[in-house]
Amino acid sequence: MYAPQHYAPYATAVETSRGRQIHEDESDFRSPFQRDRDRIIHASAFRRLKHKTQVFVEHEGDSYRTRLTHSIEVAQVGRTIAGALGLNQALTEAVALAHDLGHTPFGHTGEDALNELMAPYGGFDHNAQAIRIVTNLERHYAEFDGLNLTWESLEAIAKHNGPVVGELPWALAECNAQQDLELHTHAGGEAQVAALSDDIAYNNHDLQDGLRAGLFSDEDIQALPIIGAAYQKVDAKYPSLDPYRRRHEALRRVFGVMVSDVIDTSRARLAASGVTTVEELRGLDHAVVAFSDDLWRDLKEIRTFLFARMYRAPSVVVVRERVGEVVKDLFRHYMDNMQDMPERWRRDVNNSHSETERARLVSDYISGMTDRFALQLHERTFR
């Protein structure tokens, strides 16, 4: 029999969960949030993340991060921070593993291209698309579309970056019409941990991947805050270490600084807030899980460096321009030739009557593609 865990009073508790939209008998061995996590891991969209880019296009090297390895790293960081703060680790893992499900092939380049194409039809937003995937597009279960996740998991996926205000992305609006996710408030602490864990993971691995790609050197990044001090500590302790071990030792210390800062800062903010329930935490006008002001300032300097030397590196920009055209070509082709879509998608198209509905189905199809599949399909279609 599943044994409830003991968490801080402001954690999201299984016992007070608002449940699932479609009732299911609960497991004897797993909590509802553990089941949500496991359903995400077994989802088709999750498996496809292994061939979706993080920064580099998937085929450019076997050692670079993909969306899948990134999501696993985010979950690992999230578990650590959630455990230290007394939050629900299973729920943190669930949102960490799901947070990138809605990404297109070719990362933000693919998303920018698809958003431009979808502008007349409501646009495209990868966070909203993640919600669409877990509530609609995963179609494996006998009794429902999607994964039938708990309300808390859906809320965490929708709001892990903070309250969603203004005009809602259409995919999120559709879900929210079925289940009110209280989008105007902050999410629980677990979602906030997942968001900061995402920042920690990509700051760390983008430095590693950029070094591996030769876009900058160890000497270049030693001029940056946090990083220079980490190299100095490694050199003092291991003066004759080979360059690759030296790099790894330095960057894992940078990683540790970020994690420790979030834990220490968030503990202080939680104590100062006085919250004793997750509802009180949601009702605050600010996030409680955060970096310190000093570390956030240092991270902005690191991100500025990465933007100039990695995300806008000429070799990266050239590839991004090419793959952006791949997405545009495929979208235009399927809008004009919907009979070329796979049988499952054609069946859905036949039930659609407006251009907007057809465009959204084409968008669903293309956004679910991996880098590899999109490139192969483009070559077959336009050769």
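## Where α15 meets α17

In this predicted model, Val 327, Leu 330, Phe 331, Tyr 334 and Met 335 of α15 are in contact with Glu 355, Arg 358, Ala 359, Val 362, Ser 363, Tyr 365 and Ile 366 of α17. Sorted by class, the contact of α15 with α17 has 9 nonpolar, 1 polar and 2 charged residues.

How are these helices set against each other? Two packed helices are described by the angle between their axes and the distance between the axes. Helix α15 covers residues 314-336, and its axis lies 10 Å from that of α17, at an angle of about 135 degrees. The crossing of α15 and α17 is right-handed.

## Where α6 meets α8

Now turn to helix α6 (residues 126-137) and helix α8 (residues 170-178), whose axes come within 7 Å and cross at roughly 45 degrees. That angle makes α6 oblique to α8. The crossing of α6 and α8 is left-handed.

Which residues make this contact? From α6 come Ala 128, Ile 131, Arg 132 and Thr 135, while α8 brings Trp 170, Ala 171, Leu 172, Glu 174 and Cys 175. By class, the contact of α6 with α8 has 6 nonpolar, 1 polar and 2 charged residues.

Rolling a probe the size of a water molecule over the atoms shows where empty space is left. The count comes to 1 cavity of 30 Å³ or more. About 40 Å³ of space lies in the largest cavity.

What lines the largest cavity? Its lining is made up of Gly 123, Phe 124, Asp 125, Ala 128, Gln 129, Pro 169, Trp 170 and Ala 171. Both α6 and α8 supply at least two residues each to the lining of the largest cavity. Ala 128, Trp 170 and Ala 171 of this lining also belong to the contact of α6 with α8. By class, the lining of the largest cavity has 5 nonpolar, 2 polar and 1 charged residues.

## The second largest pocket

The second largest pocket holds about 340 Å³ of space. Its lining has 21 residues, and Arg 48, Arg 344, Trp 345, Asp 364 and Gly 368 lie nearest its centre.

Which helices each supply at least two residues of this lining? They are α2 (44-48), α6, α16 (343-350) and α17 (355-367). By class, the lining of the second largest pocket has 7 nonpolar, 8 polar and 6 charged residues.

Methods:
Residues are numbered from 1 along each chain as its sequence is written. This is a predicted model: local features need pLDDT of at least 70, side-chain atom pairs count only at pLDDT 80 or more; totals for chains, interfaces and linings use all residues. Side-chain values use heavy atoms; hydrogens and water are left out. Axes are lines fitted to C-alpha atoms, for helices over the stretch in contact, and angles run from 0 to 180 degrees between N-to-C directions. Helices (H or I, at least four residues) and strands (E, at least two) are DSSP runs, numbered from the N terminus. Angles under 35 degrees count as roughly parallel, over 145 as roughly antiparallel, 65 to 115 as roughly perpendicular and the rest as oblique. A crossing is left-handed if the near helix is turned anticlockwise from the far one by less than a right angle, and right-handed if clockwise. Contact means heavy atoms within 4.5 Å. Ala, Val, Leu, Ile, Met, Phe, Trp, Tyr, Cys and Pro count as nonpolar, Asp, Glu, Lys and Arg as charged, and the others, Gly among them, as polar. On a 1 Å grid over the protein atoms alone, a cavity is a set of points where a 1.4 Å probe fits but cannot get out, and a pocket is an open set with protein on both sides within 12 Å along at least five of seven lines; lining residues have an atom within 4 Å of a point. Grid points are joined across faces, edges and corners, and a volume is the space filled by probe spheres set on the points.
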